Amino acid sequence: MKSIGIVRNVDELGRIVLPKELRKTLHIEKKDPLEIYTEGENIIMRKYEPACIFCGSADDIVNYMNKKICTECIEKLKNEA
């Protein structure tokens with residue numbers, strides 16, 4: 001995990017503001033869904049991608065290197081390799 005050197009306070013409603021530079025770098029736009037989960041003592045937040053990054057299908061999704069890919073696209077990639 002890389003520190004970007006920016007500290008934000010949580011407000012009275014439990015909200016934080018993501019720095020503009022971070023939103024721009026990670027292509028996070030207004031109304032984009034974010035997935036929030038924990039790993040040990042860390043809170044992880046990332047852009048939510050519910051479907052295959054190649055075809056958009058939400059069926060039979062596998063998480064590979066933090067990307068969601070459907071099994072059909074995995075088979076197509078195998079055949080092309």
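**Exercise 1. Find how many residues sit between β1 and β2 in their hairpin, and say which turn residue has a positive phi.**

*Solution.* 
- Step 1: Look at the link between the strands: β1 and β2 form a hairpin, and two residues lie between them.
- Step 2: Gly40 has a positive phi of about 65°. Keep in mind that we're working with a predicted model here.
- Step 3: Now see how the strands line up. β1 covers residues 34-39 and β2 covers residues 42-47, and they pair in the antiparallel sense over six bridges.

**Exercise 2. Work out which strands are tied together by the salt bridge of Arg46 and Glu35.**

*Solution.* 
- Step 1: Start with the distance. The closest N and O atoms of Arg46 and Glu35 are 3.2 Å apart, and the cut-off for a salt bridge is within 4 Å, so this pair makes it.
- Step 2: Check how open they are. Arg46 has 21% relative accessibility, so we call it partly exposed. Glu35, with a relative accessible area of 23%, is partly exposed too.

**Exercise 3. The whole structure has five salt bridges. Describe the one between Arg15 and Asp11 and the one between Glu72 and Lys76.**

*Solution.* 
- Step 1: For Arg15 and Asp11, the side chains meet at 2.8 Å, N to O. Asp11 is partly exposed, at 26% relative accessibility.
- Step 2: For Glu72 and Lys76, the closest N and O atoms are 3.6 Å apart. Both residues lie in helix α2 (residues 71-80), four residues apart, which is about one turn of the helix.
- Step 3: Compare each with the cut-offs. Exposed means over 50%; Glu72 reaches 52%, so it counts as exposed. Lys76 has 45%, so it counts as partly exposed.

**Exercise 4. Say which residues make up the positive surface patch and which make up the nonpolar one.**

*Solution.* 
- Step 1: Go for the charges. Arg8, Lys20, Arg23, Lys24 and Lys30 form the positive patch.
- Step 2: Zoom in on Lys24. This residue is in helix α1 (residues 20-25), and with 68% relative accessibility it counts as exposed.
- Step 3: Switch to the nonpolar patch. Val10, Ile16, Ile36, Ile43 and Met45 make a patch of about 500 Å².
- Step 4: Zoom in on Val10. You'll find Val10 in the segment before α1, and its relative accessible area of 55% makes it exposed.

**Exercise 5. Describe how β3 and β4 pair, then locate Val62.**

*Solution.* 
- Step 1: Count the bridges. β3 and β4 (residues 67-70) pair over four bridges, in the antiparallel sense. One partner pair is Ile61 with Cys70 of β4.
- Step 2: Look at the turn. Two residues lie between the strands of this hairpin, and Met65 takes a positive phi near 50°.
- Step 3: Find Val62 in strand β3 (residues 61-64). Its relative accessible area is 31%, so Val62 is partly exposed.
- Step 4: Compare sequence with space. Val62 and Ala51 are eleven residues apart in sequence, and their C-alpha atoms are 9.6 Å apart.

Note on methods. Residues are numbered from 1 along each chain as its sequence is written. This is a predicted model: local features need pLDDT of at least 70, side-chain atom pairs count only at pLDDT 80 or more; totals for chains, interfaces and linings use all residues. Side-chain values use heavy atoms; hydrogens and water are left out. Patches are made of residues with over 30% relative accessible area and no salt bridge: like charges are joined within 9 Å, nonpolar side chains (Val, Leu, Ile, Met, Phe, Trp, Tyr) within 5 Å. Accessible areas come from the Shrake-Rupley method with a 1.4 Å probe; for residues, only the protein chains shown count as cover. Lys and Arg count as positive and Asp and Glu as negative; His and the chain ends are not counted. The place of a charge is taken as NZ of Lys, CZ of Arg, CG of Asp or CD of Glu. Buried means under 20% relative accessible area, exposed over 50%, partly exposed in between (1.4 Å probe, protein chains only). Two strands pair if DSSP finds at least two bridges between them.
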